[in-house]
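Visitor: I would like to learn how to read features in a model like this one. Where do we start?

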Amino acid sequence: MAGFRPDEGETVSLAILLKRLLTDRDADLELGLFTNVAPGETITEATLTEPATGGYARITLTDASWTESPQSQFNYAQQTLTPSGANWTGIQGYFIATKAAGGVQRILAIEVDTNGPITVNDGNDYKITPQITAT
């Protein structure tokens, strides 16, 4: 991942690790697309802007499906998002967020697409290989 872990992701990671606080972390994670321009360290899940048309929906990333490389990089199999019925415009990149039925969803990592903003045309695929680096 050439992206970064925003403040929100760093905080929830430490709360889970140090305090075993799982309020904002149910089983599994979610993968989504965002249209915010130049997201910074202070971006939060609540301030993300996602596509609103074309059948857009986040993808569930199952906890047990992550693998770890020797460089403390956590990898997930390639995922494909495909608009249906409308184009997705202004896509800036992807994010990985917690699921939180009993708490607040949080961004764990975000990556800006170096080709963005892009349009994903109706019926075309946008492929992502989710990664989070421990550093």
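Visitor: Take Glu30. Is Glu30 buried or exposed?

Guide: This is a predicted model, so every value is computed from it. Burial is read from relative accessible area, and buried means under 20%. Glu30 has a relative accessible area of 14%, so it falls under the 20% cut-off and is buried.

Visitor: Which side chain does Glu30 meet in a salt bridge?

Guide: Arg58. The two side chains meet at 2.9 Å, N to O. Look at where the partners sit. Glu30 lies in strand S1, residues 29-34. Arg58 lies in the loop between S1 and strand S2, residues 59-61. The two are 28 residues apart, and the pair links distant parts of the chain.

Visitor: Which other residues form salt bridges with Arg58?

Guide: Glu45 is one of them, at 2.6 Å, N to O. Both Glu45 and Arg58 sit in the loop between S1 and S2, 13 residues apart. Glu45 counts as buried at 15% relative accessibility. Glu50 also forms a salt bridge with Arg58, with the closest N and O atoms 2.7 Å apart. At 24% relative accessibility, Glu50 counts as partly exposed. Shared partners join Glu30, Glu45, Glu50 and Arg58 into one network.

Visitor: How many salt bridges does a search of the whole structure find?

Guide: The search finds 4.

Visitor: Now the nonpolar core. Which residues touch the most other members of the largest one?

Guide: Leu31, Leu33, Leu81, Phe95 and Ile96, out of 27 residues in that core. S1, S2, strand S6 (88-91), strand S7 (93-98), strand S8 (107-112), strand S9 (118-120) and strand S10 (126-128) each supply at least two residues.

Visitor: What is Leu31 in contact with, leaving aside its neighbours within four places in sequence?

Guide: Its contacts include Ile59, Leu61, Leu81, Phe95, Ile96 and Ile128. Arg58 is also among them, as are Gln79, Tyr94 and Pro130.

Visitor: Over how many bridges do S3 and S4 pair?

Guide: Over 2 bridges, in the antiparallel sense, with S4 spanning residues 73-75.

How values were computed: Residues are numbered from 1 along each chain as its sequence is written. This is a predicted model: local features need pLDDT of at least 70, side-chain atom pairs count only at pLDDT 80 or more; totals for chains, interfaces and linings use all residues. Side-chain values use heavy atoms; hydrogens and water are left out. Helices (H or I, at least four residues) and strands (E, at least two) are DSSP runs, numbered from the N terminus. Buried means under 20% relative accessible area, exposed over 50%, partly exposed in between (1.4 Å probe, protein chains only). A nonpolar core is a set of buried Ala, Val, Leu, Ile, Met, Phe, Trp, Tyr and Cys residues joined through side-chain atoms within 4.5 Å. Contact means heavy atoms within 4.5 Å. Two strands pair if DSSP finds at least two bridges between them.
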